[in-house]
Amino acid sequence: MNWKSALFASVLVSSLALPSHASDWPQFRGPGGAGVSALTNMPLKWSGDADIAWKTALPGPGSSCPAVFGERIYLTCFTGYGMSKETPGEMTNLTYHLLCIDARDGKIIWDRAVKAVTPVVEYKSQVTLHGYTSSTPAVDDKGVVVFFANTGVCAWRHDGTQVWATSVGAKTHNWHSGTSPVLYRDTVIVNACIESGSLIGLHRETGARAWSVGDIVMSWSTPLIVDIAGRAEAVVMSKGMIRACDPLTGTLRWTCTGIDDYICPSPVAANGVVYGIGARRNEAMAVRAGGSGDVTASNVLWRVRKGSNVSSPVWYEGNLYFANEKEATVYCIDASSGEVKYEEKLAPSTGLIYASPLVADGKLYYVSRENGTFVLPASPVFKVLAQNRIAGDGSVFNASPVPLAHGRLLLRSDKALYCIKAGK
């Protein structure tokens, strides 16, 4: 290879791949889907411009969370339809967007638009609470993967070049889609319950289907990769059932009777135990992973009638934390026994909470839809340390908070993405 060929190859590789960083937040709920960050000096209180490092106006609304890879942030939104309940516009104009944003200053590096496959559910009733882009991107050194419901799964390189797009089903639902893709080695795992009733594995390089597991019912839950003594399991919750599959082949490992209702929250895992919550009547349960066959009788550790219908839980230092979305009641549960350590209302006028909690720097962050972010100690002692509202933004905040390098915090509303300065 001569020097010109070598230089071209070097440039090509650099355009296709970027290095990872310890502070990356590469998927929904961050590394391992845990919702826990090791960053320190995280902010406690904020309100006005003096507390905001930068603000980026978004082309349209959405409920997806930012995904962070190095100095780049990836975020989705939608335009063309559903900008307001009064005048939603023409459904055929619905367009999805993937934004690449500079983490240093908030400038949009590129914006890739994808025309939505229609029809989708009309912009009315429940879908107005979260819109058409609830799926958080998944990113690695090769680029970014996004799930746009019945429009399909799409992959881009970091330079904005689209690599592939593939359908995972044509069906839709009155609540639209809400699950996010997960990357494991050379496989993209997607819960396409709404689109085809399946958990699907796609080849990372081409988007071709690698495997499919059917009979996934009423699930808006993002799959979770659990490592059990070096054996990986892809765990997905659906109505009445928890399944664990080989993430590379789809081979079923174990099943467990789950929560008998539709499931929106995503599970978390710690020390070989999977914790799931959900359902309109609010339940939580713990099941030991790593089994074989039906493990309902042998591996279920506890069940309690506390839970959330939308927001996912977080495990931290032996306790499970989550918020009930309607009552704005937050819970701390002993992860080993299911014992409720506290059950407290955040405030009389908190309103709905759709975002999932974040633990960072010993703090527990809960983002409400319309009444700011509540900061609590990440401990079994209930105390509201701060309630923070961003002045001038009266739109809805549905996305979970995301930590950013150097102690910063990302908050996403229907109008803007905010970078909150590090703590003092």
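Reader: How much accessible surface does the protein chain have, and what share of it belongs to carbon and sulfur atoms?

Author: The accessible surface comes to about 16,300 Å². Carbon and sulfur atoms hold 52% of that. Keep in mind that this is a predicted model.

Reader: What helices and strands does the protein chain have?

Author: There are three helices and 34 strands.

Reader: What makes the protein chain as compact as a globular protein of its length?

Author: Its radius of gyration is 20 Å. The globule rule gives 22 Å for 424 residues. The two values are close, so the chain is as compact as a globular protein of that length. Along the principal axes, the C-alpha atoms fill a box of roughly 65 × 55 × 45 Å.

Reader: What share of the residues is buried?

Author: Buried residues make up 60% of the 424. Take the contacts with a separation of 6 or more: 55% of them join residues 24 or more positions apart.

Reader: How far apart are the mean positions of the positive and negative charges?

Author: They are 1 Å apart. The count covers 39 positive and 35 negative charges.

Reader: Let's turn to single residues. Why is Glu343 called partly exposed?

Author: Its relative accessible area is 37%. Buried means under 20%, and exposed means over 50%. The value of 37% lies in between, so Glu343 counts as partly exposed. Glu343 is found in strand S27, residues 340-345.

Reader: How do you know that the side chains of Glu343 and Lys306 make a polar contact?

Author: The contact is 3.0 Å. The cut-off for a pair of N or O atoms is within 3.5 Å, so this pair qualifies. The side chain of Glu343 also makes a polar contact with the side chain of Tyr331, at 3.3 Å. Beyond four places in sequence, Glu343 touches Lys306, Thr329, Val330 and Tyr331.

Reader: How far is Glu343 from Leu39?

Author: Their C-alpha atoms are separated by 27 Å. Along the chain, the two are 304 residues apart.

Reader: What makes Tyr342 a buried residue?

Author: Its relative accessibility is 6%. Buried means under 20%, so Tyr342 counts as buried. Tyr342 is also placed in strand S27. Among the residues it touches beyond four places in sequence are Tyr321, Leu364, Leu376, Pro380 and Phe382. Cys332 is another of its contacts.

Reader: Thr350 lies in the loop between S27 and strand S28. Why is Thr350 called buried?

Author: Thr350 has 1% relative accessibility. That is under the 20% cut-off, so Thr350 counts as buried. Its side chain reaches the backbone oxygen of Ala347 at 3.1 Å. Leaving aside neighbours within four places in sequence, Thr350 is in contact with Ala328, Ser368, Asn371 and Phe374.

Reader: Why does His130 count as buried?

Author: His130 has 17% relative accessibility. The cut-off is under 20%, so His130 counts as buried. His130 is found in the loop between S6 and S7. Its side chain makes a polar contact with the side chain of Ser134, at 3.5 Å. Contacts beyond four places in sequence are Gly62, Ser63, Trp175, His176 and Asn398.

Reader: What is the form of the peptide bond from Thr118 to Pro119?

Author: That bond is cis. Its omega is near 10°. Pro119 is found in the loop between strand S6 (108-115) and strand S7 (138-140).

Reader: What is the phi of Asp361?

Author: Phi is positive, about 60°, although Asp361 is not a glycine. Asp361 is found in the loop between S28 and strand S29 (363-367). At 28% relative accessibility, Asp361 counts as partly exposed.

Reader: Why is His406 called exposed?

Author: His406 has 63% relative accessibility. Exposed means over 50%, so His406 counts as exposed. The phi of His406 is positive, near 70°, in a residue other than glycine. His406 is found in the loop between strand S32 (402-404) and strand S33 (408-412).

Methods
Residues numbered from 1 in each chain as written. Predicted model: local features only at pLDDT ≥ 70, side-chain atom pairs only at ≥ 80, totals over all residues. Heavy atoms only, no water. Helix = DSSP H or I, 4+ residues; strand = E, 2+ residues; numbered from the N terminus. Rg over C-alpha atoms; globule rule 2.2 N^0.38 Å. Buried < 20%, exposed > 50% of the residue type's maximum accessible area, 1.4 Å probe, protein only. Contact = heavy atoms within 4.5 Å. Areas by Shrake-Rupley, 256 points an atom, 1.4 Å probe, with all protein chains shown as cover. Lys, Arg positive; Asp, Glu negative; His and termini not counted. Charge placed at Lys NZ, Arg CZ, Asp CG, Glu CD. Polar contact = N/O pair within 3.5 Å; in protein donor to acceptor, adjacent residues only side chain to side chain.
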